[in-house]
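Here is a quick walk through one model, with a look at its pockets and a few of its residues. Have the coordinates open as you read.

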Amino acid sequence: MTLKPSSKLSWFLPLLIPVVLLVLWQIASDTGCLKPSILPSPFVIAATLLELLKSGELFKNLEVSLVRVLEGFLMGASLGLLVGFAMGLSKRMEGALSLITGLLRPIPTIAWIPALILWLGIGESSKVTVI
């Protein structure tokens, strides 16, 4: 089976733009066009990743984040299922909750963050509640 000339390069083309962007990013970092405090160079990011992997700190932080996501999902899904079942099985409950659910639904999650920080503080409870 012979390959067409275009199919020989077909695996290469999707990689070209990300590689070019990484090279341009590194050049911009090296020449001082990008402040390291705003956007560190790809080499600095890779070195930091390796350091976090070696120290085990990355896995500790990843575990904390995964637990937060799991807690938030389980609480949100449980509450959503309970309220959904209640509204689906009872016309009275649907009438009682339809206004509040209709008003809260269009509010983006990110808009809740300042209010949750005020109500719950900046600890775990507000982070889990946002999730």
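Which backbone oxygen lies 2.9 Å from a polar atom of the side chain of Ser126? The backbone oxygen of Gly121 does. Before going further, a word on the ground rules: this is a predicted model, where local features need pLDDT of at least 70, side-chain atom pairs count only at pLDDT 80 or more, and totals for chains, interfaces and linings use all residues. Residues are numbered from 1 along each chain as its sequence is written, and side-chain values use heavy atoms, with hydrogens and water left out.

**How confident is the model?**

The protein chain has a mean pLDDT of 89 (pLDDT is the predictor's confidence in each residue, from 0 to 100), and 94% of its residues reach 70 or more. Helices here are DSSP runs (H or I) of at least four residues, numbered from the N terminus.

Ser126 counts as buried because its relative accessible area is 4%; buried means under 20%, exposed over 50%, and partly exposed in between, with a 1.4 Å probe and protein chains only. Setting aside neighbours within four places in sequence, Ser126 is in contact with Leu116, Leu120 and Gly121 (contact means heavy atoms within 4.5 Å).

Gln26 belongs to helix 2 (residues 13-30). Gln26 is buried too, because its relative accessible area is 10%. A polar atom of the Gln26 side chain lies 3.3 Å from the backbone nitrogen of Phe43. Phe43 also turns up, along with Ser41 and Pro42, among the residues Gln26 is in contact with once neighbours within four places in sequence are left aside.

Leu53 is another story. Leu53 is in helix 3 (residues 42-55), and counts as partly exposed because its relative accessibility is 36%. Beyond its neighbours within four places in sequence, Leu53 is in contact with Leu58 and Phe59.

**The pockets**

A pocket here is an open set of points on a 1 Å grid over the protein atoms alone, where a 1.4 Å probe fits, with protein on both sides within 12 Å along at least five of seven lines; lining residues have an atom within 4 Å of a point. A volume is the space filled by probe spheres set on the points, which are joined across faces, edges and corners.

| Pocket | Volume |
|---|---|
| Largest pocket | about 470 Å³ |
| Second largest pocket | about 150 Å³ |

The largest pocket is lined by 16 residues, and the closest to its centre are Met75, Gly76, Leu79, Gly80 and Thr129. Helix 4 (57-89), helix 5 (91-104) and helix 7 (124-130) each give two or more residues to that lining, with helix 4 giving the most, at 8 residues. By class, the lining has 11 nonpolar, 5 polar and no charged residues. Nonpolar covers Ala, Val, Leu, Ile, Met, Phe, Trp, Tyr, Cys and Pro, charged covers Asp, Glu, Lys and Arg, and the others, Gly among them, are polar.

The second largest pocket is lined by Ile107, Thr109, Trp112, Leu116, Thr129, Val130 and Ile131. Helix 6 (109-120) and helix 7 give two or more residues each, and helix 6 gives the most, with 3 residues. This lining divides into 5 nonpolar, 2 polar and no charged.

Note on methods
Polar contact = N/O pair within 3.5 Å; in protein donor to acceptor, adjacent residues only side chain to side chain.
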